[in-house]
There are 2 protein chains.
Amino acid sequence: SIAGHYTYQQTLPQILHELADSVQPEEAPDLYGSGALINDFEAEVARLLGKESAVFMPSGTMCQQIALRIWTDRRHLSRVGFHPTAHLELHEFQAPQRLHDLQTVLIGSPYQLMTLADLQAVKEPLGALLLELPQREIGGQLPTWDELTAMTSWARERGIVLHMDGARLWECKPYYQRDYAEIAGLFDSVYVSFYKSLGGIAGAVLAGPADVIDEARIWQRRQGGNLYQLYPYVLSARKGLAERLDRMEAYHQKAKAIAAALSAFPQIEIMPAVPQTHMMHVFIRGEREELNGAALEVAEESGTWLFGGVAPTQIPAYQKFELSVGDASLDVSDEEIATLFQQLFDKVEQSKVERSL
Amino acid sequence: SIAGHYTYQQTLPQILHELADSVQPEEAPDLYGSGALINDFEAEVARLLGKESAVFMPSGTMCQQIALRIWTDRRHLSRVGFHPTAHLELHEFQAPQRLHDLQTVLIGSPYQLMTLADLQAVKEPLGALLLELPQREIGGQLPTWDELTAMTSWARERGIVLHMDGARLWECKPYYQRDYAEIAGLFDSVYVSFYKSLGGIAGAVLAGPADVIDEARIWQRRQGGNLYQLYPYVLSARKGLAERLDRMEAYHQKAKAIAAALSAFPQIEIMPAVPQTHMMHVFIRGEREELNGAALEVAEESGTWLFGGVAPTQIPAYQKFELSVGDASLDVSDEEIATLFQQLFDKVEQSKVERSL
């Protein structure tokens, strides 16, 4: 594959044996969120993010609902603002409303980054504002540092609590050229994930002030996430952080190189044109089934997947896939990628000709 | 230890290597609740419980809140009844109220099993009734089959949905001498756990009608439990079920033998006097720190823990611990256990004498 890590090539026994080998025999399992194994890792992530405290949870969905619930409780205002493509809006079946009685305000265009002007257009009080860095559903885009700080200042001036959806925060460093703690420092609380760029099994951390994290542990129990043992996730998160955090710059460079190679094709549009992280959305002119069929043929012949499948877009003539660079991407040259896409388009043309005969 | 399994003797690397060895190389990981690995196991548990469908979740807390939310939504009556020692009442920080706007009705005495008479004393309509089999906080007690069916019939006649907290349902078979499906058949939905008697890492299943389980998957996503990958828990649950389900009768016999041995001591009261499952609560007359100190000495001298620590009870002269039989218990003879408890009480006496000198 030109995307992701090599875990898809590993068998489950291999993954679990490797995980076992990453543990010291004297390390004891966690117990309902206690124990050095989990608490030391939480402290490590808190330090990395420059926050006072952190708690490990099974999922980001849990981290973020809990953060917003706590902050809005404290502000006595259960209204939160976020982008129309926020995970909370798209992927959680109205959990903020159904579980936490939160009112939501969608800010900005679903196709573009939220801006200071979008915030200024909000005409009702907010208890909390969630910003996602980078913005996954629009190809991993990031606001400039100036725009970002202008937005967070706007919120601070109004006493609006700032929470960061940092599911892919690890990917932001090459663009901002700032430490994670400095980026996270603009926010009151931050959620980070371990199974995306870092290749873990699952798991997330919520970081922030100690009193908020202490309360978050109560909500974690309430939501059913204070598990008897979380160690498989903690161990894989620890392993991913140790192995892959230093590769973010290399992933970013590769993402830019792939984007440049693909941009040469008139059938392709890249969002963002120059990747700001190591992900991008790739729009391809063509029909869905033809593109998927051609990609399968290319994979069969070359052993390399260009994409697993394309999805429809707003413009019927274009299909799309998400490309996130990982260890596997680094081992395919840009020339090879260009050659394989050329083969893809040749196959599409060929099948058109064959059908017209 | 005279209780539990041997996992406490294993290192984490050993546990994870064994888990890896339980997987076939061709088995693919689950993905957000999909895939043969997780779905086949769900089907296996559904069959075992005689239910149409089942869903694997990270925790029982999540399973039960979700079941009660769905059932009460359908009944248009958000009021649920359960025992005063239900997990939902004692260990979830008012999650039913805070997350799901449920009204709760506590039925019966905290020190005794719920009875038909207790149900008849409920004077307000209920949307759902939760029964725990066996009742953990009172030593794993079970109602007789006649009392149980009288209670479930009472609920059915009133259109009250029945949900079973079956965290330790696996332990009930020796007492009822009925298949799990027959016991579960009295209920509309059932939650079962895999890390207690079965020795898994964590994880739970909710089983019931297909449409309820389909909706439960939505709520699982909402609560943050529809994880990217759950396979470490699924694999350990599968391993525990395969290895330990057939040992329940042996555990039960051992529990009865231990209870008989301990009952011979005038300082000890057992609840229930004859264990109905393979757990019991042991009340010991004595002071907490003296008992804990003596148990530590016994463990140091014999290599065997009698209990990890005692907790206070309603009666100041008595302390208590929970004893749950597992693989480790089977390897300690009843005579050895009696001898070790005699040593414990001798040490307590000795320290009393020493202090009085």
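Trainee: How far apart do the C-alpha centres of domain 1 of chain A and domain 2 of chain A lie?

Mentor: This is a predicted model, in which local features need pLDDT of at least 70, side-chain atom pairs count only at pLDDT 80 or more, and totals for chains, interfaces and linings use all residues. Residues are numbered from 1 along each chain as its sequence is written, chains are lettered from A in the order in which they are written, and side-chain values use heavy atoms, without hydrogens and water. Chain A is split into domain 1 (9-245) and domain 2 (247-356), with bounds from an automatic or database domain assignment. The C-alpha centres of these two domains lie 30 Å apart.

Trainee: Which side chain meets that of A:Arg244 in a salt bridge?

Mentor: The rule finds 2 salt bridges across this domain interface, each a side-chain nitrogen of Lys or Arg within 4 Å of a carboxyl oxygen of Asp or Glu. At 2.9 Å, N to O, the partner of A:Arg244 is A:Asp327.

Trainee: What rotation superposes chain B on chain A?

Mentor: Copies are superposed by least squares on the C-alpha atoms of residues with pLDDT of at least 70 in both. The shift along the axis is 0.0 Å and the RMSD 0.0 Å, for a rotation of 180°. That is the relation of a two-fold axis.
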